Amino acid sequence: MATEMNLQIRLVSRPHGLPKEENFSWVKQPIPEPAEGQALIRTLYLSVDPYMRGRMNDQKSYVAPYELNEVITGGVIGEVIKSKSPSLIKGDIILGNIGWQKYSLISSEQVRKIDPDIAPISTALGILGMPSLTAYFGLLEIGQPKEGETVVVSGAAGAVGMIVGQIAKIKGCRVVGIAGSDEKNRYLQEELGFDATINYKTTPNMTDAIAHACPKGVDIYFENVGGTISDAVLSHLNYKARIPLCGLISMYNIKDADVGPRIQSQLLINSALMRGFIVGEFADRFEEATTQLAQWLQQGKLKYRENIVEGFENTIQAFLGLFSGENLGKQLVHVADPSV
């Protein structure tokens with residue numbers, strides 16, 4: 001009987017444009033044994049996220065680039081199967097920023113335990129995890145929504161965008177979502193309560209579509225995509241509009257410098273605020289936000305969707321699917337089930 005091996009995904013070359021299979025390698029290694037203070041975890045779910053594309057470039061950013069020939073790291077939910085750590089026992093379910101591999105060695109300082117009785121464990125990577133924290137702080141701290149204002153969300157059917165829209169509705173705003181399919185937009189309106197939606201892939205004139213969907217202008221634009229969609233929205237800003245700058249997914253794979261309208265005049269004439277942010281800057285308030293998100297979830301004020309790809313062998317395809325808009329909600333890879 002063959003001995004089970006650990007399977008890893010490593011970055012072996014820097015992508016130019018959209019990543020390809022050849023930028024990655026699959027490596028088999030023996031399953032490691034924990035040393036004193038360590039635990040061995042088996043990966044149950046792993047997260048694929050747009051920000052990972054930026055880490056594949058060898059350039060300065062808000063987080064260090066991935067090293068070549070090293071295991072790619074990201075959000076992982078795992079189960080402790082062996083432990084020499086006093087604070088981790090076999091069967092514990094943990095969340096951490098770990099590797100794209102079936103088995104990992106960890107220390108207790110790298111992870112936090114998840115209570116599987118509170119909610120499905122996958123939610124720790126989505127509705128009760130980083131995407132919702134990003135939506136919470138970006139909208140409430142930078143957007144500062146007020147009842148009756150108009151909020152526009154790009155990438156509205158993604159893990160962050162759909163939560164932004166729902167929190168804006170909780171705060172009494174009119175919410176307009178921009179997504180890339182009629183199916184996604186139906187979900188945003190019929191299930192999540194968005195007031196209007198725009199399919200950017202089939203809309204011939206985005207500027208006119210924004211004007212129609214936002215007759216009173218735009219007070220908050222939650223920016224997830226950049227590019228021509230952003231140009232269209234920015235031309236409809238109201239006085240003292242706020243723009244939380246969360247992501248620019250349309251630009252992550254471009255090969256040449258992006259050239260578009262200069263936005264300074266729109267910000268100036270409208271006394272508007274655009275502020276980029278990284279969710280980690282609010283780390284000391286994560287518990288506050290998670291508590292509030294869980295309360296809204298239990299009250300039925302928040303709904304969520306997960307797009308779960310089955311099998312570790314499909315991780316790269318799940319990641320690439322982010323850039324063609326395949327996912328509705330949080331994109332996850334299901335690797336294994338808990339033992340118990």
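The dialogue below goes from the whole chain to single residues.

Q: What kind of model is this, and how many helices and strands does the chain have?
A: It is a predicted model. The chain holds nine helices and 16 strands.

Q: What does the radius of gyration say about the chain?
A: The general idea is to set the value beside what a compact globule would give. For 340 residues that would be near 20 Å, and the chain has 21 Å, which agrees. As for its extent, the C-alpha trace spans about 65 × 45 × 35 Å along the principal axes.

Q: What share of the residues is buried?
A: A residue is called buried when its relative accessible area is under 20%. In this chain, 51% of the 340 residues are buried.

Q: What is the accessible surface of the chain, and how much of it belongs to carbon and sulfur atoms?
A: The surface comes to about 16,000 Å², and carbon and sulfur atoms account for 51% of it.

Q: In which sense do strands S3 and S5 pair?
A: Strand pairing is read from the bridges and their sense. S3 (residues 38–47) and S5 (residues 73–83) pair in the antiparallel sense, over seven bridges. One of the residues to look at is Tyr-45, whose bridge partner in S5 is Ile-77.

Q: How does S5 pair with strand S6, and what is the bridge partner of Thr-73?
A: S5 and S6 (residues 93–99) also pair in the antiparallel sense over seven bridges. The partner of Thr-73 in S6 is Gly-99.

Q: Is Arg-42 buried or exposed?
A: The relative accessible area decides, and the cut-off for buried is under 20%. Arg-42, found in strand S3, has 17%, so it is buried. Beyond its sequence neighbours, Arg-42 touches residues including Ile-77, Gly-78 and Glu-79. Its contacts also include Lys-102, Tyr-103 and Asp-337.

Q: Where is Lys-146, and which residues is it in contact with?
A: Lys-146 sits in the loop between helix H2 (130–143) and strand S9 (150–154). Leaving aside neighbours within four places in sequence, Lys-146 is in contact with Lys-171, Cys-173 and Arg-242. Its C-alpha atom is separated by 26 Å from that of Asn-199, which is 53 residues apart along the chain.

Q: What is the phi of Gln-144, and where does Gln-144 lie?
A: For Gln-144, phi is near 45°, a positive value in a residue other than glycine. Gln-144 lies in the loop between H2 and S9. With 46% relative accessibility, Gln-144 counts as partly exposed.

Q: What is the phi of Ser-271, and in which loop is Ser-271 placed?
A: Phi of Ser-271 is near 50°, again positive in a residue other than glycine. Ser-271 is in the loop between helix H7 (264–269) and strand S14 (273–276). Its relative accessible area is 38%, so Ser-271 is partly exposed.

Conventions. Residues are numbered from 1 along each chain as its sequence is written. This is a predicted model: local features need pLDDT of at least 70, side-chain atom pairs count only at pLDDT 80 or more; totals for chains, interfaces and linings use all residues. Side-chain values use heavy atoms; hydrogens and water are left out. Helices (H or I, at least four residues) and strands (E, at least two) are DSSP runs, numbered from the N terminus. The radius of gyration is taken over C-alpha atoms; the globule rule is 2.2 Å times the number of residues to the power 0.38. Buried means under 20% relative accessible area, exposed over 50%, partly exposed in between (1.4 Å probe, protein chains only). Accessible areas come from the Shrake-Rupley method with a 1.4 Å probe; for residues, only the protein chains shown count as cover. Two strands pair if DSSP finds at least two bridges between them. Contact means heavy atoms within 4.5 Å.
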